[in-house]
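Morning, everyone. Please have a look at the model on the screen, and then we'll walk through it.

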Amino acid sequence: MFKIMRVLLIGLICCSQPLSAAVPEDEQQLTQAPEDGWTMPSAVVLIDAGHGGIDGGATAGSTLEKDINLAIAQKLYLLLNSQGIPAVLNRTGDYALSEDNRWHLSRSRHKRDLSQRRQLTEEIETTMLVSLHVNWTRDNSKHGPIVLHQSSGESALLAFCIQDTLNRQQQTAFYPREGKPFYLLRRVDQPAVIVEMGFISNSADRTMLTDPRQQLKIATAIASGIRQYKWITR
Ligand SMILES: [Zn+2]
């Protein structure tokens, strides 16, 4: 129940923001959960804002991946909903999703965090999962976006569409890759991708990733990739 309350809370918080207020009521689909009378959100895209709380993700000085992921996830949420693509966001603040996990009896906070993210893909009716992350490597010349996908063709197509629009936005020419070792890609049933939006370890990428106007451009590119995928698979 706590999980459900948190998701609903996210809906309420997000819906209080100006852009989402423009979303027509019929696009804010809610389905009735018959067993307890609670309404469960349904949407097309579940946006996973990577890391959070105690888990900062990749770092460069005082710049934390979790903050970049959240800032861009919120922009993507508002953009998609304003473009008629219902989306939900799995965290709206700086907290770890493992804190919501009361069901996975693992001592590993990391495992509880990941299983909670996957669980939300089952509890919220969505047709795709887009997980936002930022890359890090010792070689600080490495830059640019990389989208990781599951082995399924739909996931690869979604990754190709988002990679293409991010390549245009960042003037790069990278290909998406299969992300076999990643838990979310292995365990989520619907088409899922991990979007590594750039490298926190590269100074030009870091400037882009932390600038609100550039963040909006990244979110716009991801939304455009999602729209292309939806158009191809309609
Ligand atoms: Zn990450």
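At what angle do helix α4 and helix α7 pack? About 140 degrees, with their axes 8 Å apart. α4 is residues 153-170, and α7 is residues 212-232. Axes here are lines fitted to C-alpha atoms, for helices over the stretch in contact, and angles run from 0 to 180 degrees between N-to-C directions. Helices (H or I, at least four residues) and strands (E, at least two) are DSSP runs, numbered from the N terminus.

Who makes the contact? From α4, residues including L157, L158 and C161. From α7, among them I218, A221 and I222. Contact means C-beta atoms, placed from the backbone, within 7 Å.

A word on the source. This is a predicted model: local features need pLDDT of at least 70, side-chain atom pairs count only at pLDDT 80 or more, and totals for chains, interfaces and linings use all residues. Residues are numbered from 1 along each chain as its sequence is written.

Now the sheet. It is open, with six strands in the order β6-β3-β7-β10-β8-β9, and the pairing is mixed. Strands pair if DSSP finds at least two bridges between them. β6 (87-89) and β9 (177-178) are the edges; each has a single partner strand, so one side of each lacks a neighbour in the sheet.

Look at β3 (45-49) and β7 (128-135). They pair in the parallel sense, over five bridges. I47 sits opposite V130 of β7.

Last, the helices on the sheet. α2 (65-82) lies across β3, β6, β7 and β10, at about 145 degrees to β7. α6 (203-210) touches β7 and β10, and its direction makes about 115 degrees with that of β10.

Definitions and conventions:
Two residues are in contact if their C-beta atoms, placed from the backbone, lie within 7 Å.
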